[in-house]
Amino acid sequence: MFDGVHLGHQGLINGLKHIASEKGLEPSILTFWPHPRLVFNPNEPLKLLNTIQEKTDLLQKFGVQNLFLQSFDEAFRNLSGEAFVREILVKTLNVKHLIIGYDHTFGKNKSGNFQLLQQLAPELGFEVEQKEAINLNNANISSTKIRTALCEGNILDANEMLGYPYPITGTVVHGKKLGRTIGFPTANIATDPLKLLPKKGAYIVEVLIEGIFYRGMLSVGTNPTVNGEQLTVEVNILDFNGDLYDKEITVKFRAFLHEEIKFENLDQLIEKLKDDQRRTEEFFTLAQ
């Protein structure tokens with residue numbers, strides 16, 4: 001799935017690019033949509049690290065020349081491992097060198113694996129290799145571990161495994177406009193429903209607006225101080241004045257500030273926002 005395009009995926013991509021350069025081939029990736037877990041367990045509350053567009057942009061950034069997006073439909077999910085190799089990899093994509101991850105299985109009932117690929121490779125005219133897991137702090141990197149870190153507010157751990165700050169892209173929509181009345185105007189971001197949001201709380205973020213980065217502090221939550229109910233993503237952008245409605249912006253999570261808090265009154269909220277702003281400014285000063 002390449003969800004997150006994390007350091008483990010990047011290791012695969014680097015190996016792919018090296019082989020492609022040596023053999024005059026095109027570095028290409030095959031992935032699926034939707035996520036197989038959403039097909040097998042449609043009621044599972046699975047959230048993803050990447051939207052399709054984010055994944056496409058990241059793979060391109062890391063040097064993948066071709067991205068093949070296979071629809072994970074009924075016909076495809078019923079292909080055996082061998083049929084997948086023969087029909088998709090060889091007949092359709094003309095694979096010459098295949099690289100897979102250390103724990104990769106494929107095909108109906110996980111009937112395909114590295115051993116099957118080794119058996120079929122000589123007959124079908126391709127080479128295959130299996131990459132070992134990439135470890136960080138003596139632990140394997142995985143999309144699941146990154147999702148867990150984000151859900152626990154461990155932004156630094158998630159970013160370390162990703163190799164870049166976790167991003168969320170969305171369109172700025174109209175909110176309750178409470179922030180502007182207390183001196184902290186916010187942009188309310190509409191996000192993809194499948195996109196994983198970090199745990200409720202306040203964060204230090206970078207905000208990308210029309211190619212320019214700004215410092216910001218972001219809230220994921222329901223605004224309990226004013227009895228909010230709907231989960232929102234709102235960012236206060238330092239040093240920015242302008243109309244962002246209907247514009248697409250990207251926020252990149254840099255650090256966790258604190259849990260979501262229900263204050264007794266707006267004065268307490270304002271004091272906390274001032275403290276968050278001070279900590280945000282300090283963070284970026286030290287990061288320079």
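Which residue in β11 is the bridge partner of Leu 218? Select Leu 218 and look across to β11: the partner is Val 235.

**Before you go on**

This is a predicted model, where local features need pLDDT of at least 70, side-chain atom pairs count only at pLDDT 80 or more, and totals for chains, interfaces and linings use all residues. Residues are numbered from 1 along each chain as its sequence is written, and side-chain values use heavy atoms, with hydrogens and water left out.

**Stop 1: the annotated domain**

Select residues 161-285. UniProt places "domain: Riboflavin kinase" here, in an unreviewed entry. UniProt positions follow the numbering used here, feature names are shortened, and annotations may be inferred rather than shown by experiment. Over residues 161-285 the chain is 21% helix and 38% strand. The end C-alpha atoms are 24 Å apart. Helices (H or I, at least four residues) and strands (E, at least two) are DSSP runs, numbered from the N terminus.

**Stop 2: the barrel**

Now show the strands. A closed barrel of 6 strands runs β7-β8-β11-β10-β9-β12, with antiparallel pairing. The twist averages 45° from one strand to the next. Two strands pair if DSSP finds at least two bridges between them.

- β7 (residues 167-173) joins β8 through 3 bridges. Val 173 has Asn 188 as its bridge partner in β8.
- β8 (residues 187-190) pairs with β11 over 2 bridges, antiparallel. Asn 188 stands opposite Glu 234 in β11.
- β10 (residues 212-221) pairs with β11 over 6 bridges, also antiparallel.

**Stop 3: strand β11**

Select residues 232-237. In β11, 6 of 6 residues are buried (under 20% relative accessible area; exposed is over 50%, partly exposed in between; 1.4 Å probe, protein chains only). Thr 232, Glu 234 and Asn 236 are on one side. Val 233, Val 235 and Ile 237 are on the other.

**Stop 4: the cores**

A nonpolar core is a set of buried Ala, Val, Leu, Ile, Met, Phe, Trp, Tyr and Cys residues joined through side-chain atoms within 4.5 Å. The largest has 43 residues; Leu 218, Val 235, Ile 249, Val 251 and Phe 253 touch the most other members. Apart from this core lies another, of 20 residues, including Ile 100 and Phe 106.

Center on Phe 253. Its contacts (heavy atoms within 4.5 Å) include Ile 155, Pro 165, Tyr 203 and Leu 218, not counting residues up to four places away in sequence.

**Stop 5: the helices**

Helix α8 (residues 155-162) lies across β9 (201-209) and β12 (248-259), at about 135° to β12. Helix α10 (residues 266-287) lies across β9, β10 and β12, at about 105° to β12. Axes are lines fitted to C-alpha atoms, for helices over the stretch in contact; angles run from 0 to 180 degrees between N-to-C directions.
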